[in-house]
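Subject: Structure handover

Hello,

Please find the structure below, followed by notes on what was found in it.

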Amino acid sequence: MSILEAETNVITQSAPEIVTKELMLDLKNLKKVYPTPKGDYVVLEDLNLQIMKEEFVTIIGHSGCGKTTMLSMIAGLNEITGGSISVLGKPIKGPGPDRGVIFQAPSLMPWMTSLQNVLLGVNQVFPHATKKQRNDIAKYYLQKVGLEDAFYKKANELSQGMQQRVGIARAFAIKPKVLLLDEPFGMLDSLTRGELQDILIEIWNKEKITAVMITHDVDEAIFLADRVVMMTSGPKAKIGDILEIDFERPRTRKKVLEHNDYYKYRKHLIDFLEH
């Protein structure tokens, strides 16, 4: 048995069918230090995490534990102090189209239409496609998030929930290998939040892109994930625990809530966060 297979077996104790899959994202001995006038502040230290191809992982932990720092380092937007991050065995060197990011605020160009905002990424990633092909890709994902009537509406005319839908469409449209989500529904009301979770998981079920999502919401973490990664409180945060979520896919909210293990999972996460 190779080292990779051994690691995979450890990672996926309750999901042996994933053993044959590739290691997509590998964080090894990751460290992040910010220099301050009072000396170095160590945000993350000795953080190790392996995420398999097509896996959906959610990450929870208290504010200030370095979740967003870790995600921005994976995105290539924040320098790595020590250790390494690789995608399919290749170390990352800054941002790249192999990693799509959905932030809490969708950061759209307010004067551009929904379609133009999605095309910004599509045009960069698919420069050799025809104009029609690029338009078709952008429109397909906007339709997927329920914005078929808003192709030509400017971003500043859209509600916050609709803007986040554009953000989701934009991230999926560039066909990334890894989708990074930084509390994408954190600023939305609970009804819109539930709708967008359903849309996200519906598109993900079809595309099966490896996804890593930060959330403060225990129920969201359980509903979306194959595994929930719990981070210790900072400074010097690392992985504290990992919970396998053994629910069948595709999932419905009703089935998840009615599952015998749901409250056991929930208690496990809350107990971790309260310690």
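Predicted model: local features only at pLDDT ≥ 70, side-chain atom pairs only at ≥ 80, totals over all residues.

Residues are numbered from 1 along each chain as its sequence is written, and side-chain values use heavy atoms, with hydrogens and water left out.

Helix H3 (residues 114-125) and helix H5 (residues 160-173) have axes that come within 8 Å and cross at roughly 25 degrees (axes are lines fitted to C-alpha atoms over the stretch in contact, and angles run from 0 to 180 degrees between N-to-C directions; helices are DSSP runs of H or I, at least four residues, numbered from the N terminus). H3 is therefore roughly parallel to H5 (angles under 35 degrees count as such). Ser114, Asn117, Val118 and Val122 of H3 make the contact with Val166, Ala169, Arg170 and Ala173 of H5 (heavy atoms within 4.5 Å).

H5 also packs against helix H6 (residues 190-207), at about 15 degrees and with the axes 11 Å apart. H5 and H6 are therefore roughly parallel too.

The largest pocket is lined by 16 residues, with Gly96, Arg99, Gly100, Val101 and Ile174 nearest its centre (a pocket is an open set of points on a 1 Å grid over the protein atoms alone, where a 1.4 Å probe fits, with protein on both sides within 12 Å along at least five of seven lines; lining residues have an atom within 4 Å of a point).

Regards

Technical notes. Helix = DSSP H or I, 4+ residues; strand = E, 2+ residues; numbered from the N terminus. Parallel < 35°, antiparallel > 145°, perpendicular 65-115°, else oblique.
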